[in-house]
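Hi,

Here is the structure I said I would pass on. Have a look at it first, and then read on for what turned up.

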Amino acid sequence: MIHSSAPGKLMLLGEHSVVYGNPCIATSINKRLDVYLNDKNEHGKELKCTTIDALGIKSKFPSNFEQHKFLNLTIAKFFEKYGHKNFKLTTKPMPKGLGSSSAVVVAGVKALSTLYNLNWSNDEIFKFSYDIVKEGQKGKASGYDIAVAVYGGTIRYENKKGNIHIKKLKNIRNLIAIDTGVKSSTTELVREISEKMEKYGQIFCGIFKIINKIVDEGEKEITDENYKGLGELMNINHGILNAMGLSTYEIENLINGIKPYSYGAKISGAGRGDYIIAICKEQSKNNLMNYLRDVKTEHFEILQDKGVDVEIY
Ligand code: PMV
């Protein structure tokens, strides 16, 4: 049995701007997506076909279920390049809005490359996984989520027309993920911003220049472990995202509510929903947690997890 896993992610600074070749800073989280791969049945006999068992749906490969889209694509790429094999691929999912699509591809690629004895490096896993996601996703995608799932930890990520730079940064303490309770569509919001870009090209060039500066300064604050400074930059970045039309009344209320306990808080990712990321004041962590419990808002402390991993037993 092959068991692989990859972490989910949250964006700390630079969303949207990263889609246009600018840098961002993102972090892995302590919620992982697990993939189990078996090429024998419980009696040790060879399997007669390939099956997928994911998100509570069992199906023969190729699966007709939209939910299995990325798994279908991942398996199809291996069959096309390295030949057909029979196996059962099972996943244990993680909550939505935390990078499950990228994690399922990366963990799937790790498990399958192990089955095919390819001995791939993380760079090879990244390249193969990113090609799959680019093919499967309708709109533009920077690939930052794939990079976090592969390398783990906190990273600075830049994708200048396919020229990719990934730099590992220090782990950050006291980061809290807060669920807005609303699911947002990354594809639609990326499209919306690209339409605004067409209309207000110069304004958005200016905005992205400022976000570049925020990311550069953020990297310094992370290196110096200056979380007050990092929080200030997160607030500025959030203000810009709000000005771009990516916040909502409810998100602003949540952010205002946690202000007394945090150095900074912002949308994480495409916007208008999914998760907020906050950096809390060391001495206020318990108060923040209590506040979030009182207002019945799902949350968890982010512990940066390792990248993709595999074990065979
Ligand atoms: O919504 P998420 O967590 O998938 O993040 C989207 C981040 C964007 O910069 C808006 C898109 C991207 O591909 O980087």
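To start with the charges: how many salt bridges does the structure hold? The count comes to 22. Keep in mind that this is a predicted model.

One of those salt bridges joins Lys-77 and Glu-80, with the closest N and O atoms 3.9 Å apart. The cut-off for a salt bridge is 4 Å, and the pair is inside it at 3.9 Å. Both residues sit in helix H1 (residues 69-82), and because they are 3 residues apart there, about one helical turn separates Lys-77 from Glu-80.

Now the overall layout. The protein splits into domain 1 (2-171) and domain 2 (175-302). Between the C-alpha centres of domain 1 and domain 2 there are 25 Å. On the contact itself, domain 1 puts in 30 residues and domain 2 puts in 39.

How much area is buried between domain 1 and domain 2? About 2800 Å², and carbon and sulfur atoms give 65% of that. On the domain 1 side, three residues stand out: Leu-12, Leu-13 and His-16 supply 24% of the area that domain 1 buries against domain 2, more than any other three residues.

The salt-bridge rule finds 5 between domain 1 and domain 2. Elsewhere in my notes I have Arg-156 and Glu-219 down as a salt bridge, the closest N and O atoms being 2.8 Å apart. Residue pairs in polar contact between domain 1 and domain 2 number 12, counting those with both residues at pLDDT 80 or more.

Which elements give two or more residues to the side of domain 1 that touches domain 2? They are strand E1 (2-13), strand E2 (24-38) and strand E7 (163-169). E2 has the largest share of that side, with 7 residues. By type, the residues on the side of domain 1 that touches domain 2 are 12 nonpolar, 10 polar and 8 charged.

Last, the rings. The structure holds 15 aromatic pairs. One of them is Tyr-20 with Phe-208, which is stacked, at 5.3 Å centre to centre and 20° between the planes. Tyr-20 is in the loop between E1 and E2, while Phe-208 is in helix H6 (residues 201-223), so this pair ties together parts that lie 188 residues apart in sequence.

Cheers

Key: Residues are numbered from 1 along each chain as its sequence is written. This is a predicted model: local features need pLDDT of at least 70, side-chain atom pairs count only at pLDDT 80 or more; totals for chains, interfaces and linings use all residues. Side-chain values use heavy atoms; hydrogens and water are left out. Domain bounds come from an automatic or database domain assignment. Contact means heavy atoms within 4.5 Å. Buried area is the accessible area (1.4 Å probe) that two parts lose on being put together, summed over both. A salt bridge is a side-chain nitrogen of Lys or Arg within 4 Å of a carboxyl oxygen of Asp or Glu. A polar contact is a pair of N or O atoms within 3.5 Å; within protein, one must be able to donate a hydrogen and the other to accept it, and residues adjacent in sequence count only if both atoms are side-chain atoms. Helices (H or I, at least four residues) and strands (E, at least two) are DSSP runs, numbered from the N terminus. Ala, Val, Leu, Ile, Met, Phe, Trp, Tyr, Cys and Pro count as nonpolar, Asp, Glu, Lys and Arg as charged, and the others, Gly among them, as polar. Rings of Phe, Tyr and Trp (its six-membered ring) pair if their centres lie within 6.5 Å; planes under 30 degrees apart count as stacked, over 60 as edge-to-face and the rest as tilted.
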